[in-house]
Amino acid sequence: MNKATCLKVDGLSKHFGGLAANSDVSFSVEEGEIVSIIGPNGAGKSTLFNCVTGVYKPDRGSVAFFGRDITRMRPDKVCKIGIARTFQIVEVVSEMTVLENVTTGALLHHSRIKTAIEKADEILHFAGLYEKRDFLGTEITIADKKRLEVSMALATQPRLLMLDEAMAGLTKVELREILELLRKIRSEGMTLVIVEHVMEAVMQISDRVVVLNSGKKIMEGKPKEVVSDREVIQAYLGEKYSAHIS
Amino acid sequence: MRNLPIGQLIVGVVVLLLLIAFPLFISQPVHVHTMILVFMFGMLATAWNIIGGYAGMYSFGQVAFFGIGAYTSSYLLVSHGVNPWLGLILGGCAAALVAAAIGYPCSNLRGHYFSIATIAFAEIVRIVFNNWKAVGAAEGLTLPMDNPSFSHFLFNSSKLPYYYIMLGFLILALVVCYFVANSKMGYYFRAIKESHRVAEVMGVNVVLYRLIAVMISAFLSAMAGTFYAQYVLYIDPDSVMLLPFSVQIVLISMLGGAGSLMGPVLGAAILIPASEYTRIALGAKGTGVDMLIYGFLIMMISMYYPEGVWKLVSRIGRKKTKTSVHPEKAAAVTAQP
C-alpha cells in the first residue's frame, strides 16, 4: 500500500538562548501510522511538538502537513487544517463541564451549538466519558482529564492527533484503558504521533519510534529495533532496562 | 442555562412586571432615581461580565467606553444637532472602534497585566478629554434642554420615561449577554478565560475572539454613557471618566456573580441602593459613616460569597431539582473523616 505522507519535519531547529532544544530534527509520518517520539527528560520532545503545532516558532527548518507548508503557522490555524494535540501538563477548561469542554472543540467545524453538542456526546461515548459529562473539569481524576483532553482534540476532527505524554502517571488499569482508546482511534484511520515515557505502551502501540537526545534525532526504527539497539538502551532507557531486556 | 427552567422564567417575568409597575406606585423621585442607577450599573456590569466574567479579561477601563459614548452623542448633539438616538448608535460604534484599536496591541496580555493596561488606557482617555478644547475640555458639555420628547431623548417633567428607557437598555444588554453566553462565542470566551493555549489548540482564534468581546462590551457601555448624558444633561471628564467608576463596575459584577447572566444585575441591585440610601441617610453629616457601612457590606460579601451573591441564589433555586448532580463527589465528601 502506498500511503500519503502525513507529516514531514525537515531540519527543524529551535534554540532557547544558548540551549539548542531541537537541532536539525527530520522525520516523517505516513498516513495511518503511529509514531512515538521518545528520549530522556530534556531531549526536546515537547519542544518538537510545540514547533510542529505552532505554539513555538522554529528558528530553522520546515514542517509540512500533507504537502502543505505549515511552518510558523498560528496554533489555531494548525488545528483548523487538521492537527490536534494534547499537552504534557493537562489543559482542560476547569470551569466547564466535560461535555462543554468537548463541545468547544466540536464548535470548530459545527457552528450550531446543538450539532456541536451531538457531536460531543458521540465522542464522549467513544472515549468512555459519557457518564461523566456533567462533571466540571476540576472534578474528574487525572486519568479522566487526559481522556477528556484527547476527546477535546478529537472533537476538532483532526487527521493527525499528537499526544504529549497522555499516559504519564496513570495506573496499570488506566494505562490499559487509554491504550485501548488509542487503538480505537487508530482503527478509525487517524494518524498518531505520541511523545511517551511509558515504554510498555510505546512497545505495544507504535509502528515506528523516533529517539531524541539533547535535541538531536539519534535513531529511528521499529520498536523492536530501537529497544535492541545497545546505544539506545544504555543511553536512553537506562542500564536497568537493558539488563531487564537481555 | 442551556434549558432555561420554567421556574426561572416565571420568576423573571414576575420581577419584570414588578419593575414595570414600581414607579407607578412609588413615584418619589429619589426612589425612581435609585432604580435608574441600579439599571444603569446593571447594564454596565453586564457589559463588563461579557469580557470579565466570560472571557476572563478583567478590564478596569470600562469608564472610558462609558465616557466615549456620553461624549460622542453629546458632542454631536451640541455642535451639530445630531439626534441623540443616532448619537447612541454612533457612540457605541466609536467606543467599539476604540476598543478594537486598544484591544489589538493588548492581545497577549492576561490577568492583572491586562487590568493595568486598561487602567492606563482609561486614564489617557480622561486626560485627553480634559484638555480637548473642541469637546469642552475640563468645563465639559452642557446639553440643550429644548423640545423635550421621546424622539429627542429628553424629558424634563418626570423621571418615568428615563426609568423605562434604562430598563429597556438593561434588558437589551441581558439579551445580548444571554445570546453571547449560549453561542459559539460564549464557549470560546470561556476557553480563552481558562488559557489561551487550551483555546488555541481547539482552533479558537484568540486575538479575534478577544476583540469581539471587548467590542461588544464597549458598545453596551457606551450606550449607558449616552443615556447618562441625556439623563443628567451635563458631562465632564470628572463625572464620566473617573477610575473609581470603573472599579465600581468591576466590584458590582464580581460581588454579584461574574460569569452568570443575572449575577451582575443582582450585584447592582444590592450595592447601588446600599450606597445611595446610606449616603442619603448619613452622608450629609460628613462623618463618612455611609462609606463605612458600604465598605463593610462589600467586605462581608467578599468574605462569605467570594464567587458572588448569585451563587447563593442559584443554589437555593437548584436544590429541589438537582440535589445530587455529582453523587460520587458527594459520597467522597461524606466518606472523609
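Nine residues of domain 1 of chain A are in contact with 10 residues of domain 2 of chain A, contact meaning that the C-beta atoms of two residues, placed from the backbone, lie within 7 Å. The model is predicted: local features need pLDDT of at least 70 and side-chain atom pairs count only at pLDDT 80 or more, while totals for chains, interfaces and linings use all residues. Residues are numbered from 1 along each chain as its sequence is written, and chains are lettered from A and ligands numbered from 1 in the order in which they are written.

On the side of domain 1 of chain A that touches domain 2 of chain A, α2 (75-80) and β7 (160-164) of chain A each supply at least two residues; helices (H or I, at least four residues) and strands (E, at least two) are DSSP runs, numbered from the N terminus. That side has seven nonpolar, one polar and one charged residues. Here Ala, Val, Leu, Ile, Met, Phe, Trp, Tyr, Cys and Pro count as nonpolar, Asp, Glu, Lys and Arg as charged, and the others, Gly among them, as polar. In chain A, domain 1 covers 1-82 + 158-170 + 181-246 and domain 2 covers 91-157, with bounds from an automatic or database domain assignment. Taken over C-alpha atoms, the centres of the two domains are separated by 25 Å.

The contact between the chains takes 26 residues from chain A and 21 residues from chain B. On the chain B side, α7 (184-194) and α8 (196-200) each supply at least two residues, and α7(B) gives the most, with six residues. The chain B side divides into nine nonpolar, six polar and six charged residues.

Eight of the 11 residues of α7(B) are buried, so this helix is largely enclosed by the rest of the structure. A residue is buried if 20 or more other C-beta atoms, placed from the backbone, lie within 10 Å of its own. The buried residues of α7(B) include B:Tyr187, B:Tyr188, B:Phe189 and B:Arg190. What covers the buried residues includes α3 (98-106) of chain A, together with α2, α6 (160-181), α8 and α9 of chain B.

The largest nonpolar core has 165 residues; such a core is a set of buried Ala, Val, Leu, Ile, Met, Phe, Trp, Tyr and Cys residues joined through C-beta atoms within 7 Å. Helix α9 (residues 206-232) of chain B provides the largest share of this core, 15 residues. At least three residues of the core come from each of domain 1 and domain 2 of chain A. Among the residues with the most contacts inside the core are B:Met40, B:Leu44 and B:Ala224.

The axes of helix α2 (residues 29-54) of chain B and α9(B) come within 8 Å and cross at roughly 170 degrees. Axes are lines fitted to C-alpha atoms, for helices over the stretch in contact, and angles run from 0 to 180 degrees between N-to-C directions. The crossing makes α2(B) roughly antiparallel to α9(B), a term for angles over 145 degrees. The residues of this contact divide into 14 nonpolar, two polar and no charged. Leaving out residues up to four places away in sequence, B:Leu44 touches B:Gln62, B:Phe66, B:Ser221, B:Ala224 and B:Ile249.

B:Ile68 lies in helix α3 (residues 62-80) of chain B and is buried, with 27 other C-beta atoms within 10 Å. B:Ile68 and B:Met223 are 155 residues apart in sequence and 9.6 Å apart in space, C-alpha to C-alpha.

Notes. A residue is buried if 20 or more other C-beta atoms lie within 10 Å of its own, exposed if 12 or fewer, and partly exposed in between; C-beta atoms are placed from the backbone. Angles under 35 degrees count as roughly parallel, over 145 as roughly antiparallel, 65 to 115 as roughly perpendicular and the rest as oblique.
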